[in-house]
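Q: Please take me through a few local features of this model, one at a time. I would like the general idea and then the case at hand.

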Amino acid sequence: MLMVLPSAAVIAVFTLFPILQSAAMSFYNWNILKNIQKFVGFDNFLKAFQDERFLNALANTFIYTVSYVPLLVVMALVLAVFLSYAFWGSGFFRSLFFLPAITSMAIIAIVFRFILDGDIGLVSLWLNQLGIPVKDFLRMPETAMGSIVFTGLWRWLGFNMVIVLAGLNSIPETLYEAAEIDGAGKVRQFFRVTIPLLIPTLAFIVITNLINAFQVFDQIYVMTKGGPMFSTEVSVYYIFYQGFTVFSMGYASSLAFILFVLIFLVTLVQLRWFRRSEREDGLA
Amino acid sequence: MIRVSRTANVTLLGAFSLLGFVFFLPMLWMVLSSIKPEALIMGQPGVLWPAAFTADNYTKLFTQIPFFRFLINSVIFSAGVTASSLLLDSMAGYAFAKLRFRGSQAVFVLVLVTMMVPFQITMIPLYLTMNQMHILNTFAGLMLPRLTSAFGIYFMRQAFLSVPNELLDAGRIDGLGEFAIFRRICLPVVTSALTTLGVFHFMYNWNDFLWPMLMTNTTEMQTLPVGLALFQGEHVMDHGPMFAGAVLSIVPIFLLFIAAQKTFIKGIALSGIKG
């Protein structure tokens, strides 16, 4: 019992209690700048669904998630399949693609803000030289979110690739041999053997990345601050803005709970979907 | 590993060299920019390979940016939190795995529940609590909530479950106390799990952004990612030192990574599971 006590105390004071406090605060108009603490019932939640900026932030979170997650999973899968072959330098490339995973997203974002810059950015200048006319990526509402997604993909691709590689390695080679005897070509083997057996791994990376994508913040804070024209303002950024810029902390708490419920529901749906597809493949 | 034919070898090597170069470009650019004279960074932004090299950025780094301060803060924060968390996580994990005490099930379930709640829920009350305790912008405020982690406890519990009970019984017969059994018999068995968790904690905190940003408000207290990201927005400065700072902030982790790649990949994989 004594061995659990220090941990239990830390978690109780700095996680469990704040969760309850946050739940309570979401029913208050609580602003530490204006020194207000007034119980308002469900007003914050009602307000949230009429708050255009919050709805916009939810929509942006959604746009980020549905572009980031599928692209990431497909790219990680393709990369891992090719890198699972032992060709010259395959070990080196595995490490190379993994490298961003050890770096801080905030530092990466500083670098990306520079290379995507319209005037002095290497990427913009090179693309223009190649005859692809590009405007200032981060200052145009049409391309800013794309750049944020691109930065996220670059940071997380290798990490997810390593997980897929581990999944690929656990598929017994005899299955491929059997498929080959049955006359299945490489492509057919990929869709009939690799993909079905990789479902648990894919489920894992879809779900973890979905949760991460819903909470995207770092690169947005460093690269665009939610702009231009609120085109990259996502939920967590808006919660941060409400909580720590205007210090409307009660409202920010209720927004955080709405986000939590959304993440929770999406995760549940995903889990059920993957469990069903595993059963259909006769694996469960 | 599947071996491939000679043609496939050449094709794959060629394709990946190109792909790898494009992928590595941002990092290469960062490293090269850190040894470029300022005039070339702004004057020839489209040129990747600089016509001249300089070490100026690395000396200016310490005069133009409080880089040394950021570095010390990052080390204290990450190393302190890692050490404490390894100790407390393994103690609690051990207790949940091997000791029976009243309410252990209930407490463990509560620990698991806190793992599922995203940080955005607790960050506002935490900020208020730290404010009331007058420890905003101090190491105490920065480190207290990270002294242990629900995830680490869960992870260590799983590791300790694999230690056979016979080993513990042997210790009891030899007359060892419960803490000695933990310290001298069980802990040595789970060292690989401990290293993995240590790498995870260190990297996670070294690279973390939102939490240290909320808790600190002066350059004296900021960690590397926060300090570098904010400093540039608020001060007029040369760009070269910024890139030198970015490079140096990655170097310690990079060296560790080269030294122990396997352990590292396992440790980082934990961060994905946690997310």
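Q: Which residue in β2(A) does Trp30(A) stand opposite?
A: Strands are DSSP E runs of at least two residues and helices are H or I runs of at least four, numbered from the N terminus; two strands pair if DSSP finds at least two bridges between them. Here Trp30(A) stands opposite Gln37(A). The strands concerned, β1 (residues 28–31) and β2 (residues 36–39) of chain A, pair in the antiparallel sense over four bridges. Four residues lie between them in a hairpin, and Asn35(A) in the turn has a positive phi of about 55°.

Q: What should I know about the numbering and the model?
A: Residues count from 1 along each chain as its sequence is written, with chains lettered from A and ligands numbered from 1 in the order written. The model is predicted: local features need pLDDT of at least 70 and side-chain atom pairs pLDDT 80 or more, while totals for chains, interfaces and linings use all residues.

Q: Where is Pro228(A) placed?
A: Pro228(A) sits in the loop between α10 (218–223) and α11 (235–244) of chain A. The peptide bond to Pro228(A) from Gly227(A) is cis, with omega near -10°.

Q: What is the phi of Met229(A)?
A: Met229(A) has a positive phi of about 55°, although it is not a glycine. Met229(A) also lies in the loop between α10 and α11 of chain A.
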